[in-house]
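Thanks for coming. I will take one structure today and go from single residues out to the whole chain. Please have it open while I talk.

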Amino acid sequence: MPRTTDGDGTPVPQRLLAAATRLFAEQGYDRTSVQEIVEAAGVTKGALYHYFGSKDDLLHEVYARVLRVQQERLDAFADADEPVEKRVRDAAADVVVTTIENLDDAMIFFRSMHHLSPEKNKQVRAERRRYHERFRALIEEGQKEGVFSTATPADLVVDYHFGSVHHLSTWYRPDGPLSPREVADHLADLLLRALRP
């Protein structure tokens, strides 16, 4: 990414994303104008449209960048040479930590996903489905090995865990009593207790 010569040298796309994320979180996507974003980022509208075709593209990227990181990390956990129970626990905890670390992004996305164009909405749903399917495959692997109970279908187990993850932005506070890791450990332990035969 090209670097700017002014300011702290942060690449323009990162400055735009940081400004958009802050404004979308504070004001809401629909109440934030392109002008406000470029002013907060200290760039021109031309710079925004050079990197992002629209405000819609910015909204998509706010979420897509988190999902890319989570997918890479899930793939690494899933492919690790570890017992399936450890891989599931590691993946279940990691998605909680990475969501909390990107809480504004998650909150913006779940509040504003309906603003995405039909094409972008479809793309995001496909990306999320890929993540959920990889996670489900881990659960199914454990069920086939007899490590996990088959009493509850793997799809429902995945929905149960991700329902908790998707609600983090409504209640988690950085100044609260639990650290991201503690929340992650509790939710991963709950999942594993639900899976035990």
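Start at Val158, which touches His132, Phe135, Arg136 and Ile139, leaving out residues up to four places away in sequence. By contact I mean heavy atoms within 4.5 Å. Val158 sits in helix 8, residues 154-166. Helices here are DSSP runs of H or I with at least four residues, strands are runs of E with at least two, and both are numbered from the N terminus. Val158 counts as buried because its relative accessible area is 2%. The cut-offs are under 20% for buried, over 50% for exposed and partly exposed in between, with a 1.4 Å probe and protein chains only. Pro177 is 19 residues from Val158 along the chain, and their C-alpha atoms are separated by 27 Å.

Before going on, the provenance. This is a predicted model, where local features need pLDDT of at least 70 and side-chain atom pairs count only at pLDDT 80 or more, while totals for chains, interfaces and linings use all residues. Residues are numbered from 1 along each chain as its sequence is written, and side-chain values use heavy atoms, with hydrogens and water left out.

Next, helix 7, residues 118-144. Its 27 residues at 1.5 Å each should span 39 Å, and the end C-alpha atoms are 37 Å apart, so the two agree. The expected span is 1.5 Å times one less than the number of residues. Which residues of helix 7 are buried? They are Lys120, Asn121, Val124, Arg128, Tyr131, Phe135, Leu138, Ile139, Gly142 and Gln143. As background, an α-helix has 3.6 residues a turn, so residues three or four places apart point the same way. The cover over the buried residues of helix 7 includes helix 4 (55-79), helix 5, helix 6, helix 8 and helix 10 (180-195). After helix 7 comes Gly146, with a positive phi near 85 degrees.

Helix 5 covers residues 84-101. Its 18 residues should span 26 Å at 1.5 Å a residue, and the end C-alpha atoms lie 25 Å apart, which agrees. Helix 5 is mostly covered, with 13 of its 18 residues buried.

Now the largest nonpolar core, which has 59 residues; Leu16, Val88, Val96 and Phe135 touch the most other members. Helix 5 gives the largest share of this core, 9 residues. A nonpolar core is a set of buried Ala, Val, Leu, Ile, Met, Phe, Trp, Tyr and Cys residues joined through side-chain atoms within 4.5 Å. Leaving aside neighbours within four places in sequence, Val96 is in contact with His161, Val165, Leu168, Pro180, Val183, Ala184 and Leu187.

Two more residues. Ser112 lies in helix 6, residues 103-112, and is buried because its relative accessibility is 4%. Beyond residues up to four places away, Ser112 touches Tyr29 and Leu59. Thr170 is in helix 9, residues 168-171. Is Thr170 buried or exposed? Thr170 counts as exposed, because its relative accessibility is 52%.

Last, the chain as a whole. The protein chain has 10 helices and 0 strands. Its C-alpha atoms fill a box of roughly 60 × 40 × 30 Å along the principal axes. Buried residues make up 47% of the 197 residues. Of the contacts with a separation of 6 or more, 67% are between residues 24 or more positions apart. That is all I have.
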